[in-house]
Amino acid sequence: MSATTEPYASTRGDRVLAWVERTGNKLPDPFILFLILFLVVGVISTLLAAMDTQVTLPGADEPLVINGLFTAEGLTWFTVNIGANFIGFPPLLTVVTILLAVTVAERTGLLAAAIRLTLASAPRWLLPYALGVVGVTASVMADASMIVIPPLAAAVFKAAGRHPMAGLVGGFAAAGAGYSTSLVVTSLDALFSGITNSVTATLPDPGAAVTPVSNYYFNVVSAIVLALVAGFIIDRVLEPRMVRQNVPTDEVEGDADDRFRSNDDEVAAALRSHRQALEAQLTPQERKAFWVAIATGTVLAVAMVLAVLPQGSPWRNDDGNFLPESALMDSIVFITFVLFLVPGIVYGFVAGTLKTAADVPKVMGEGIKEMAPFLVLAFMLGQFIALFNWSNVGPALAKVGADGLQGTGLTGFPVIIGFIILCSILNLFIISGSSMYTIMGAVFVPMFALIGFEPGFTQAAFRIGDSATQVITPMNPYMFVVLMMIRKYEPAAGLGTLISRTLPFVIPFWVAWLLVLTAFYFGGLDVGPGVSPRTD
């Protein structure tokens with residue numbers, strides 16, 4: 001990881017953070033981690049198969065037989081299906097498709113224009129809350145949100161006469177700690193739903209089908225609540241502290257890169273890509289392009305609504321409804337794709353960021369290039385999930401875990417809280433949401449399904465643990481990108497400086513988000529279309 005020349009004060013907090021960094025650095029690369037897990041499951045499945053282990057799941061007519069990887073049957077299965085395991089990894093189907101459209105909206109400047117217009121048009125007193133909304137919704141831009149938003153927010157705050165550091169740190173904290181929720185459907189929703197469905201396939205009753213909108217109601221409420229919490233903390237905690245500490249409001253002279261060196265290739269690439277700060281205000285041409293794009297998206301949305309409203313619409317199910325399953329619910333990926341792609345293209349041609357039709361596939365290709373590391377990881381994730389399901393180790397482990405939970409009597413909401421706490425701790429070490437959810441989902445989604453929790457609800461609970469703590473861990477490479485930005489104002493700032501400023505967001509975000517989940521659970525409210533908290 002990165003190193004600085006400034007010594008850290010030897011406080012208890014710094015020693016804890018140093019331990020987190022050392023421990024996290026010992027974790028293998030995610031690809032290697034899942035290779036190890038694949039081999040571990042292979043050995044366990046082979047041993048259980050040799051003992052003729054069988055498990056009977058609730059509602060199943062026949063017991064499940066454990067299949068061993070290192071047997072003639074298992075090795076044949078693997079050599080025949082290695083390609084299908086990769087291509088059949090469910091998130092690839094949705095994530096790659098949505099990413100093509102989101103890349104166009106991002107690279108043409110549409111998403112950045114929406115952020116700049118939202119922040120620049122907010123009154124001075126409302127600015128922290130507008131930043132909260134933008135931050136928790138910005139996961140639509142994926143990891144780029146944690147690089148793009150902080151300098152934009154700093155510029156807007158300074159232009160409004162507020163402290164730029166409050167905008168910079170507040171924007172990063174809102175985007176990072178609220179990463180797993182949004183007011184709009186994102187590629188992350190597609191990723192999570194794909195993993196959830198892949199691990200429930202072997203259950204006798206997999207519950208309600210999980211789609212990219214299965215957590216939408218929960219996400220909208222969470223995004224609004226977290227935006228208000230973020231705005232309050234920025235306004236009442238972070239900015240007053242910046243003033244009390246006399247943190248400079250102007251950048252110091254010199255190149256920040258001379259004061260900061262990173263050995264992390266991902267951080268270095270991010271710094272090169274976003275070296276030039278964006279202007280807070282839109283140009284007249286950009287403003288025109290933005291509103292033309294919004295009008296285009298509105299027309300498309302209205303056309304889609306008119307297409308599905310008639311009672312005889314082919315997008316309804318046989319009963320004339322949309323839930324629990326219908327062609328409309330299966331078309332969420334298409335809807336998301338079109339509502340990002342077409343407005344993004346329109347914005348690009350009006351703003352001048354696209355010149356010819358041939359530029360569109362070129363821009364899409366750039367998104368695929370950036371996704372290459374995920375595609376490589378997805379190869380190993382696909383093998384792991386496929387083996388987990390084929391061997392029946394996953395369902396067996398879920399049954400054992402469910403029986404154990406029922407034996408302790410902890411089968412209600414306290415189990416969900418414990419699950420969130422565990423995810424929050426692991427998030428300090430495993431920043432990749434896809435990696436951690438593949439591990440946690442493979443065990444806990446079917447386990448909780450067997451004791452009455454809908455898989456879509458377990459997925460909603462995971463979102464809390466996946467986000468809230470990632471703005472205080474040195475394992476997050478974007479911590480160092482933001483630290484570089486801070487050093488433009490405070491050359492002597494260290495990692496402890498940034499963590500001390502993002503820490504006030506963690507517990508309030510965690511508690512507020514948990515309260516939202518609690519309200520949905522005890523209120524019996526659907527977390528998304530057709531997805532209730534419990535199956536019973």
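## A salt-bridge network

Arg162, Asp235, Arg236 and Glu239 are joined in a network of salt bridges. The model is predicted, and a search of the whole structure finds eight salt bridges.

One of the pairs is Glu239 with Arg162, whose closest N and O atoms are 2.5 Å apart.

## The link between α5 and α13

A salt bridge also forms between the side chains of Arg116 and Glu286, with an N to O distance of 3.1 Å. Because Arg116 is part of helix α5 (residues 110–120) and Glu286 is part of helix α13 (residues 284–308), the pair ties together parts that are 170 residues apart in sequence. Both Arg116 and Glu286 are buried.

Glu490 and Arg501 form a salt bridge in which the closest N and O atoms lie 2.7 Å apart. Glu490 is in the loop between α20 (478–486) and α21 (495–522), and Arg501 is in helix α21; the two residues are 11 residues apart.

The relative accessible area of Glu490 is 16%, so Glu490 counts as buried. For Arg501 the value is 3%, which means that Arg501 is buried too.

## Helix α9

Helix α9 covers residues 187–200, a run of 14 residues. At 1.5 Å a residue, the helix should span 20 Å, and this agrees with its end C-alpha atoms, which are 20 Å apart.

Of the 14 residues of α9, 13 are buried, so the helix is largely enclosed by the rest of the structure. The N-terminal end of α9 is capped by Thr186, which has a side-chain oxygen 3.2 Å from the backbone nitrogen of Leu188.

Notes. Residues numbered from 1 in each chain as written. Predicted model: local features only at pLDDT ≥ 70, side-chain atom pairs only at ≥ 80, totals over all residues. Heavy atoms only, no water. Helix = DSSP H or I, 4+ residues; strand = E, 2+ residues; numbered from the N terminus. Expected span 1.5 Å × (residues − 1). Buried < 20%, exposed > 50% of the residue type's maximum accessible area, 1.4 Å probe, protein only. Polar contact = N/O pair within 3.5 Å; in protein donor to acceptor, adjacent residues only side chain to side chain. Salt bridge = Lys/Arg side-chain N within 4 Å of Asp/Glu carboxyl O.
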